[in-house]
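Thank you all for making time this morning.

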Amino acid sequence: MSATVTSKGQITIPKAVREQLGIGPGSVIDFERTEDGRIVLVKAGKKARPSRFARLRGSAGKGLSTDEIMALTRGED
């Protein structure tokens, strides 16, 4: 979905988005920047649910060195 910005910097939030977020007259919304730089529209007081991909994303630690991996595969202690 897209919206056009007016000369005053205003947009009309598409009806489907308003309905999904429960936004009506007088509702307060937040704009939040995600880690990847996108801006997300969120109804104030509610945290945006992470996308299905963000929920699967993790971070790897330092892990084992090559020597430690080789020792494990050889059965060395």
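Leu-41 is partly exposed, with a relative accessible area of 24%, and since this is a predicted model, please take that value, like the others I quote, as computed from the predicted coordinates. Leu-41 sits in strand β2, and if we set aside the neighbours within four places in sequence, the residues in contact with Leu-41 are Ile-13, Val-17, Leu-21, Ile-29, Asp-30 and Phe-31. For one of these, Val-17, the separation along the sequence is 24 residues, while the C-alpha atoms of Val-17 and Leu-41 lie 9.5 Å apart in space.

Another residue on that contact list, Phe-31, is also the bridge partner of Leu-41, and this brings me to the pairing of the strands. Strand β1, residues 29-33, and strand β2, residues 39-43, run antiparallel and are joined by five bridges. Asp-30, which contacts Leu-41 as well, has Val-42 as its own bridge partner in β2. Between the two strands of this hairpin there are five residues, and in the hairpin Gly-37 adopts a positive phi near 95°.

Let me turn to the charged side chains. How many salt bridges does a search of the whole structure find? The search returns two. One of them joins Arg-38 to Asp-36, with 3.1 Å between the closest N and O atoms, and Asp-36 counts as exposed, at 51% relative accessibility. In the other, Lys-15 pairs with Glu-19, and here the closest N and O atoms are 3.8 Å apart. Why might such side chains pair at all? In general terms, side chains of opposite charge can do so when their charged atoms come close. As for the placement of this second pair, Lys-15 and Glu-19 are separated by about one helical turn, because they are four residues apart in helix α1.

Moving to the segment before α1, which itself covers residues 15-21, we find Ser-2. Is Ser-2 buried or exposed? Ser-2 is exposed, its relative accessible area being 70%.

Ile-69 is partly exposed, with a relative accessible area of 41%, and together with Leu-64 and Leu-72 it makes a nonpolar surface patch of about 300 Å².

The protein has three helices and two strands, and read along the sequence they follow the pattern α-β-β-α-α. What radius of gyration does the protein have, and what would a compact globule of 77 residues have? The protein has 23 Å, whereas a compact globule with that number of residues would be near 11 Å. Taken along the principal axes, the box filled by the C-alpha atoms is roughly 70 × 25 × 20 Å.

Two further totals belong beside those dimensions. Of the 77 residues, 5% count as buried, and among contacts with a separation of 6 or more, those between residues 24 or more positions apart account for 5%. The accessible surface comes to about 7,200 Å², and 52% of that surface belongs to carbon and sulfur atoms.

To close where I began, Leu-41 in strand β2 has contacts that include Ile-13, Val-17 and Leu-21 as well as its bridge partner, and I would be glad to take questions from there.

Terms used:
Residues numbered from 1 in each chain as written. Predicted model: local features only at pLDDT ≥ 70, side-chain atom pairs only at ≥ 80, totals over all residues. Heavy atoms only, no water. Patch = residues over 30% accessible without salt bridge, like charges linked within 9 Å, V, L, I, M, F, W, Y side chains within 5 Å. Areas by Shrake-Rupley, 256 points an atom, 1.4 Å probe, with all protein chains shown as cover. Salt bridge = Lys/Arg side-chain N within 4 Å of Asp/Glu carboxyl O. Buried < 20%, exposed > 50% of the residue type's maximum accessible area, 1.4 Å probe, protein only. Pairing = 2+ DSSP bridges. Rg over C-alpha atoms; globule rule 2.2 N^0.38 Å. Contact = heavy atoms within 4.5 Å.
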